[in-house]
Protein chains: 2
Amino acid sequence: MPQMRHSHDARTGLNTMKTYLECFPCFVSQAFRAARIATDDPEKIKQVIDEVGMMLKDIPFDTSPPETGILIYSKVREITGNQDPYSHIKAETTKKALSLYPFLKDQVEQADDRLLMAIRIAVAGNVIDFGANVEFDLEKDINEILNKDFAVFHYKEFKKLLSNTNEVLYLADNAGETVFDRVLIETMGKPVTYAVRDVPVINDATRKDAMQAGIDKVATIISSGTDGPGTILKRCNTEFRNLYNNARLVISKGQGNYEALSHENRPVFFLLKVKCNIVATDIGVNTSDIVLKAAYI
Amino acid sequence: MPQMRHSHDARTGLNTMKTYLECFPCFVSQAFRAARIATDDPEKIKQVIDEVGMMLKDIPFDTSPPETGILIYSKVREITGNQDPYSHIKAETTKKALSLYPFLKDQVEQADDRLLMAIRIAVAGNVIDFGANVEFDLEKDINEILNKDFAVFHYKEFKKLLSNTNEVLYLADNAGETVFDRVLIETMGKPVTYAVRDVPVINDATRKDAMQAGIDKVATIISSGTDGPGTILKRCNTEFRNLYNNARLVISKGQGNYEALSHENRPVFFLLKVKCNIVATDIGVNTSDIVLKAAYI
C-alpha cells in the first residue's frame with residue numbers, strides 16, 4: 001500500500017502527514033474508548049460506534065487525523081451529552097504529575113546539561129495520553145524515557161534558535177504533561193507563550209488544566225482556538241495564527257500537533273513520544289521512540 | 001457496562017457468549033487486516049473498511065462474533081475478489097509447523113504424562129492465529145506454553161471421558177495448528193473425526209490444510225459445513241450435527257469455536273489460548289492464559 005500514504009502539498013511542495021488506511025480502524029477504537037469514558041449507558045456507546053462507523057466512508061485521505069478527531073469527539077459529546085468526559089482524569093493526572101514536580105526539578109538541578117534534561121522531562125510527560133491506543137504507567141515510563149536515546153535529535157539546532165530568540169511559542173498537548181512542560185519552560189529562562197486547546201478534547205490541556213499545573217506562573221497562556229486534538233491551523237484563531245507565523249521558535253508537543261503541522265517549513269521543533277506505527281513511519285522511526293525534530297530539516 | 005454483555009439463552013438456561021461492545025472496533029480492525037492480506041489495492045481496502053463500518057449498526061448483540069465473522073470475511077472476499085487470502089500464509093505456517101513435528105513428538109516421548117504433554121502441545125499450536133489482534137512468534141510462544149500452568153484445567157474430567165469413549169470428535173481451528181492437533185490425536189490412540197471449515201475463512205483449516213498436516217493419516221477428516229470462523233451449529237451440515245449431538249467427547253480448539261459453543265451443555269472440552277479480553281472475561285481468566293475447560297462445568 002504505498003499509495004495514499006502521503007498526499008502532496010502543492011503549496012509547500014512538502015509531503016504532508018495525512019490519513020492512512022491504518023487510521024480508520026483506530027478512529028472506531030478511539031470513539032469507543034472515549035464513549036466508554038463519557039457514559040455508562042451501553043446504548044449510547046453503541047450509538048457512537050454506529051455513527052462513527054457510518055462516518056468512515058466520508059473521511060477523506062487528505063485531512064489529517066486530528067481533523068477527523070474533531071468529528072469523532074464532537075460526536076461523542078453530542079451523543080453522550082458529556083462535554084468534558086476526561087475532566088476527572090485530567091485533574092487526577094495533573095495532581096499526580098504535580099507530586100512528581102520536586103523530583104523532576106531535582107533531576108534538572110543535578111544534570112550536567114540542564115536544558116537537555118528539561119527536554120527529556122518534557123518528552124517524558126508525553127507518555128500521558130488517553131487518545132492513543134497505548135497504555136501508560138507514569139512513573140515507570142518516565143524513568144525509562146529519562147534514560148532513553150532520542151531517535152531524532154536536532155538538539156544543536158534547537159539550542160541555536162533558542163539562544164537567538166527572546167520568545168518561545170509552546171504548543172501544549174495533554175493535561176498532566178503540562179507539569180513536565182513547566183519544568184522545561186522554567187529551565188529555558190525565556191518568555192513563553194503557552195497555547196492550549198480552546199475546548200476540551202480527549203485529555204488535551206485547556207486553560208483550566210494548564211492553570212492547575214501552574215503554567216500561569218511561568219508563561220502566558222493563550223487558546224490556539226482549535227477544537228481538535230492537534231493544532232490545526234485553519235481551525236485556530238487569528239491571534240494565534242499571527243503569533244505562530246511570526247514565531248522564531250515553536251515547541252510542538254505530542255502526536256496530534258505533529259500530525260497537524262508535520263508539513264510546515266517553519267522553526268517548529270516536534271517533541272514527542274511516538275505512539276503509533278503511522279506516525280513512526282511518517283517520521284522514519286519506531287513506535288515508542290522519542291523525538292526532537294525540526295520541521296525544516 | 002454490565003448490561004448487554006451476556007444474553008440469556010432461554011433454551012439451555014445458560015449464559016451465552018455473544019457480542020460485546022468491545023467487539024465492534026475489533027470487527028473493523030479484523031476487516032482491515034484481512035483486506036490488506038487479500039489485496040494491494042488501497043481503494044478496495046478502503047471499500048472493505050467503509051462497508052464494514054456501515055454494517056456495525058446492524059450487528060445484533062445476540063449473535064456470536066463468529067457469526068459476524070461470516071459477514072466480514074465474505075465482504076472481504078466479495079470486494080477483493082480473493083477467495084482464499086490466507087492460502088499462502090496457511091501453507092507456509094503448516095510447513096513451518098511440520099518442521100517442528102519431530103521436536104513435538106520427542107517432547108511427548110520424554111514426558112512423564114504423555115497425554116498431558118500432547119494436550120499442552122495442542123494448545124501451544126493455538127498461538128497460530130491471524131484473526132485475533134495478537135502477533136505471535138511460533139517457536140518462542142510454544143516453548144512458553146509448554147511450561148505454562150493452565151488457568152482452567154479440567155484434565156481429570158477429560159481423562160475420564162476419554163477412557164469411556166471409542167470415538168473423539170475434534171473441532172479444528174487454524175492451519176498449522178493442525179500439526180499440533182495431529183500429535184494429540186496420535187497420543188490419544190482413539191479413532192478421531194476431525195472437523196474442518198467448509199470454505200476458507202481467515203487462516204482456519206479446511207480439508208486441504210488438514211491434509212497438508214497429515215491429519216488424513218491419523219483421523220477421518222470431515223467438513224462441519226460452516227463458512228464462519230467458528231463451529232456455528234445452525235450453519236453446520238446435518239451429518240456434522242448428528243455426529244456432534246451423539247458425541248461422547250468433543251475437543252473444541254480455539255476462540256472461534258469457544259465463542260460459537262460456549263453455551264453448550266455437552267461433553268465439549270474447550271482447548272485454547274485466550275487472545276482477547278472479551279473471551280477472557282467470559283471464561284473468568286486473563287488474556288494469554290491457556291485453558292482446558294469442560295462446557296458442562
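1. Of the residues of chain A, G53(A) comes closest to the rotation axis, its C-alpha lying at 2.0 Å. The structure is a predicted model, in which local features need pLDDT of at least 70, side-chain atom pairs count only at pLDDT 80 or more, and totals for chains, interfaces and linings use all residues. Residues are numbered from 1 along each chain as its sequence is written, while chains are lettered from A and ligands numbered from 1 in the order in which they are written.

2. Chain A is superposed on chain B by a rotation of 180 degrees with 0.0 Å of shift along its axis, at an RMSD of 0.0 Å. The two copies are therefore related as by a two-fold rotation axis. The superposition is by least squares on the C-alpha atoms of residues with pLDDT of at least 70 in both copies. The same surface serves both copies, since 100% of the contact residues of chain A recur in chain B.

3. At the interface, 19 residues of chain A are in contact with 19 residues of chain B (two residues are in contact if their C-beta atoms, placed from the backbone, lie within 7 Å). The elements giving two or more residues to this side of chain A are helix 1 (23–38) and helix 2 (42–55) of chain A. Helix 2 of chain A gives the most, with 7 residues. Helices (H or I, at least four residues) and strands (E, at least two) are DSSP runs, numbered from the N terminus. By class, the side of chain A that touches chain B has 12 nonpolar, 3 polar and 4 charged residues. Ala, Val, Leu, Ile, Met, Phe, Trp, Tyr, Cys and Pro count as nonpolar, Asp, Glu, Lys and Arg as charged, and the others, Gly among them, as polar.

4. Within chain B, helix 1 (residues 23–38) and helix 3 (residues 65–80) pack at an angle of about 30 degrees, with their axes 10 Å apart. Axes are lines fitted to C-alpha atoms, for helices over the stretch in contact, and angles run from 0 to 180 degrees between N-to-C directions. The contact includes F27(B) and A31(B) of helix 1 of chain B, and I72(B) and V76(B) of helix 3 of chain B. It comprises 10 nonpolar, 3 polar and no charged residues.

5. In chain A, the axes of helix 4 (residues 87–110) and helix 5 come within 7 Å and cross at roughly 150 degrees. Helix 4 of chain A is therefore roughly antiparallel to helix 5 of chain A (the term applies to angles over 145 degrees). L104(A), Q107(A) and V108(A) in helix 4 of chain A meet R114(A), M117(A), A118(A) and I121(A) in helix 5 of chain A. These residues divide into 5 nonpolar, 1 polar and 1 charged.

6. Chain A also holds an open sheet of 7 strands in the order 3-9-8-7-4-5-6, with mixed pairing (two strands pair if DSSP finds at least two bridges between them). Its edge strands, each pairing on one side only, are strand 3 (150–153) and strand 6 (220–223) of chain A. Strand 4 (residues 168–171) and strand 7 (residues 250–253) of chain A pair in the parallel sense over 3 bridges. I251(A) in strand 7 of chain A is the bridge partner of Y170(A).

7. Two helices of chain A may be noted against these strands. Helix 8 (residues 177–188) of chain A packs on the sheet, touching strand 4, strand 5 (192–196) and strand 7 of chain A. Helix 5 (residues 114–124) of chain A lies across strand 8 (268–273) and strand 9 (290–294) of chain A, running at about 60 degrees to strand 8 of chain A.

Definitions and conventions:
Angles under 35 degrees count as roughly parallel, over 145 as roughly antiparallel, 65 to 115 as roughly perpendicular and the rest as oblique.
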